[in-house]
Amino acid sequence: AAEVAAAAALGADLAELRLDRLAGFAPRRDLPALLAKPRTLPALVTYRPKWEGGEYEGDDEPRFEALQLAMELGAEYVDIELKVADKFIKFMSGKKPENCKLIVSSHNYDNTPSAEELASLLAQIQATGADIVKIATTATEIVDVSRMFQILVHCQEKQVPIIGLVMNDRGFISRVLCPKFGGYLTFGSLEKGKESAPSQPTAADLINVYNIRQIGPDTKVFGIIGNPVGHSKSPILHNEAFRSVGLNAVYVPFLVDDLAKFLSTYSSPDFAGFRYLILVSHITYSISTRS
C-alpha cells in the first residue's frame with residue numbers, strides 16, 4: 001500500500017498489484033486493505049501463475065476467487081491469462097462489475113512470433129470477450145519489435161485496446177515507444193530491482209528521462225545504436241535538450257546485433273536519425289547517420 005502511494009507521487013497513472021509476489025498473501029484479509037477507497041491510484045490486479053512467468057503455484061479456483069473478490073472490491077482492471085480465460089469467465093458467471101475491465105494476456109518468454117502468428121493470437125484473445133488485449137513477447141533481435149508495432153497500429157485503426165510489449169534489452173524500445181504506435185499502457189517499476197519483467201524501465205525514467213507523456217503518433221524517434229548501449233548517457237542528454245526547445249521527439253537506446261537489418265527495418269520517416277556507437281579498446285567513437 002505504501003508503494004502504491006509512492007507510485008502516485010512519482011506520477012504513475014495506475015498501479016499493478018502482483019498478488020503472486022506478496023509473501024503470505026491471504027485474499028480475504030489483504031485485498032480489502034489493498035483496495036480500500038479512497039485510493040491514490042486505480043488498481044490493476046494480477047495473480048500470475050508459475051506457468052505464465054509468475055509465482056503462484058496453487059490450483060486455479062483459489063486464484064479465480066481472489067480475482068473475483070478484487071473485482072467486487074472495486075479493482076479497475078483484472079488480468080487473466082489466455083490459457084484459462086474461458087474457464088475464468090465461466091467461473092465469474094456474468095458477475096463482472098461494469099466498471100472493471102478484463103485484460104486477457106499472453107506471455108511468450110522465448111521469442112516474438114511472426115506477424116501472421118501475432119494476428120492469430122490477437123484474434124484468439126479478442127474471441128474471449130476481453131476488454132483489453134495484452135501480448136508480451138521476447139526479442140531475440142531488435143527487429144522483432146517492429147512486428148509488435150505493426151500489431152499496435154492495426155489495433156489502433158480497429159479501435160481495439162491493446163497492451164503490446166517486447167521483453168528483454170533488445171525489446172526495450174517497445175516500452176518507451178508504445179504510445180506512439182497506439183499501446184494502451186506501458187509498465188514501469190517503482191525502482192531498479194523491483195521489475196516484474198525483463199528490462200522493465202523505472203516509472204521515474206519513463207516520465208523524467210523519456211518524457212513518455214509527450215510521446216504520440218507524430219513524435220520523431222532518434223537514438224543511439226550500439227552493442228552494448230545501455231551504459232550510454234545520450235538519452236538523458238538529448239531528451240532534456242528536446243524538451244527544452246519544445247521538439248516533439250524522443251531519443252532511445254537501440255541494442256543492435258545486425259546494423260544493416262536494423263536500418264532496413266526501421267527506415268520509415270518516423271525514425272528520423274541515429275548515432276552509431278563503436279567501442280574499441282575502451283575508446284568510444286560516435287558516428288551520426290540519417291535514416
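Modeller: Strands in a sheet pair through backbone hydrogen bonds, parallel or antiparallel. Here strand 2 (residues 43-46) pairs with strand 3 (residues 77-81) in the parallel sense over three bridges. Pairing requires at least two bridges found by DSSP between two strands; strands (E, at least two residues) and helices (H or I, at least four) are DSSP runs numbered from the N terminus. Leucine 44 has tyrosine 77 in strand 3 as its bridge partner.

Modeller: This is a predicted model: local features need pLDDT of at least 70, side-chain atom pairs count only at pLDDT 80 or more, and totals for chains, interfaces and linings use all residues. Residues are numbered from 1 along each chain as its sequence is written, and side-chain values use heavy atoms, with hydrogens and water left out.

Biologist: What is the strand order of the open sheet?

Modeller: The six strands run 1-2-3-4-5-6, with parallel pairing. Strand 1 (15-18) and strand 6 (162-167) are the edge strands, each pairing on one side only.

Biologist: How is the packing of two helices described?

Modeller: By the angle between their axes and the distance between the axes. The axes of helix 6 (residues 144-157) and helix 7 (residues 172-181) come within 10 Å and cross at roughly 25°. Axes are lines fitted to C-alpha atoms, for helices over the stretch in contact, with angles from 0 to 180 degrees between N-to-C directions. Helix 6 is therefore roughly parallel to helix 7 (under 35 degrees; over 145 is roughly antiparallel, 65 to 115 roughly perpendicular, the rest oblique).

Biologist: Which residues of helix 6 and helix 7 meet?

Modeller: Val145, Phe149, Leu152, Val153 and Gln156 in helix 6 meet Ile173, Ser174, Leu177, Cys178 and Phe181 in helix 7, where contact means heavy atoms within 4.5 Å.
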